[in-house]
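Here is a protein model to explore, one piece at a time.

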Amino acid sequence: MAASGTNAFDKNAEIIRASIKSIPDYPKPGILFRDVTSLCEDRKAFGLTISSLVSLYKDLKIDKVASAEARGYIFGAPVAAALGAGFVLIRKPGKLPRRTIEENYVLEYGTNKLQMHADAIKKGERILILDDLLATGGTMDAMIRLVQREGGEIAGCAFVIELEGLNGRKALVDKYGVDVKSLVTFPGH
């Protein structure tokens, strides 16, 4: 279930939802891809997305926001700046210049690895992990493991979009006991 509260928040969520285009059979047949690039192209929806995410976490004393490339960066960096927090880049292998740690993960339609600088997070820092979309939870699972390996405290896991019915939220809550929030939901596939 998406985060909700005031009527203004719900109204913002409807504007955000309406800006997201659905692309059938991308990246492979049977997948209905929720395209955040159309949201980013809409200045009102993009601004509401950032301000809505900030409003959810502004009182939680976030030290750093961590996001995975590439779409997670679109939202993570401006949210970090607005919260007065640092920003941690999580990338695919071979893209970070300093010593890294890595975790494997399974996606809805494939597998991969994520890396993070080994010195990006200090023990006890409060970390908001933010990504564009929650499906099965595989990418977020790997990001949580990276943050926890370095001693970071997970302050929350945030998403712009959550695909219902794919059990990503349940998997994360059951495995890690983390707080999961999303701005909008769509049916999975």
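Let's begin with a pair of helices: α3 passes α4 in a right-handed crossing. (A crossing is right-handed if the near helix is turned clockwise from the far one by less than a right angle, and left-handed if anticlockwise.) Helices here are DSSP runs of H or I with at least four residues, strands are E runs of at least two, and both are numbered from the N terminus.

Before going further, keep in mind that this is a predicted model, in which local features need pLDDT of at least 70 and side-chain atom pairs count only at pLDDT 80 or more, while totals for chains, interfaces and linings use all residues. Residues are numbered from 1 along each chain as its sequence is written, and side-chain values use heavy atoms, with hydrogens and water left out.

## How the helices pack

Two packed helices are described by the angle between their axes and the distance between the axes. The axes are lines fitted to C-alpha atoms, for helices over the stretch in contact, and the angles run from 0 to 180 degrees between N-to-C directions.

| Helix pair | Angle between axes | Axis distance |
|---|---|---|
| α1 (residues 7–19) and α3 (residues 43–57) | about 135 degrees | 9 Å |
| α3 and α4 (residues 71–83) | roughly 55 degrees | within 9 Å |
| α5 and α6 | about 25 degrees | 10 Å |

How do we put those angles into words? Angles under 35 degrees count as roughly parallel, over 145 as roughly antiparallel, 65 to 115 as roughly perpendicular and the rest as oblique.

Back to α3 and α4, whose axes cross at roughly 55 degrees. That angle makes α3 oblique to α4. Who touches whom? On the α3 side, the contact (heavy atoms within 4.5 Å) is made by Phe46, Thr49, Ile50, Leu53, Val54 and Tyr57, and on the α4 side by Ile74, Phe75, Pro78, Val79, Ala82 and Leu83. Sorted by class, that contact has 11 nonpolar residues, one polar and no charged ones. For the sorting, Ala, Val, Leu, Ile, Met, Phe, Trp, Tyr, Cys and Pro count as nonpolar, Asp, Glu, Lys and Arg as charged, and the others, Gly among them, as polar.

Helix α3 also packs against α1, at about 135 degrees. These two are therefore oblique to each other, and their crossing is left-handed. In this contact, Phe9, Asn12, Ile15, Ile16 and Ser19 of α1 meet Lys44, Ala45, Leu48, Thr49, Ser52, Ser55 and Leu56 of α3.

At about 25 degrees, α5 and α6 are roughly parallel to each other, and they cross in a right-handed way. From α5 come Met140, Asp141, Ile144, Arg145 and Gln148, and from α6 come Leu172, Lys175 and Tyr176. That gives four nonpolar residues, one polar and three charged.

## Charged partners

Side chains of opposite charge can pair when their charged atoms come close. How many salt bridges are there? The count comes to 14, where a salt bridge is a side-chain nitrogen of Lys or Arg within 4 Å of a carboxyl oxygen of Asp or Glu.

One of them pairs Asp141 with Lys175, with the closest N and O atoms 3.1 Å apart. Asp141 lies in α5 (residues 138–149) and Lys175 in α6 (residues 168–176), so this pair ties together parts that are 34 residues apart in sequence. (Buried means under 20% relative accessible area, exposed over 50%, partly exposed in between, using a 1.4 Å probe and protein chains only.)

Another salt bridge joins Glu162 and Arg169, at 2.7 Å between the closest N and O atoms. Glu162 is buried too, at 5% relative accessibility.

Then there's Asp174 with Lys170, at 2.4 Å from N to O. Both sit in α6, four residues apart, which is about one turn of the helix, and both are exposed. Salt bridges that share partners also build one network out of Glu103, Asp141, Arg145, Arg149 and Lys175.

Tyr26 and Pro27 are joined by a cis peptide bond, with omega about 0 degrees. Pro27 is in the loop between β1 (21–24) and β2 (32–35).

Lys61 has a positive phi, near 50 degrees, although this residue is not a glycine. Its place is the loop between α3 and β3, and at 69% relative accessibility Lys61 is exposed.
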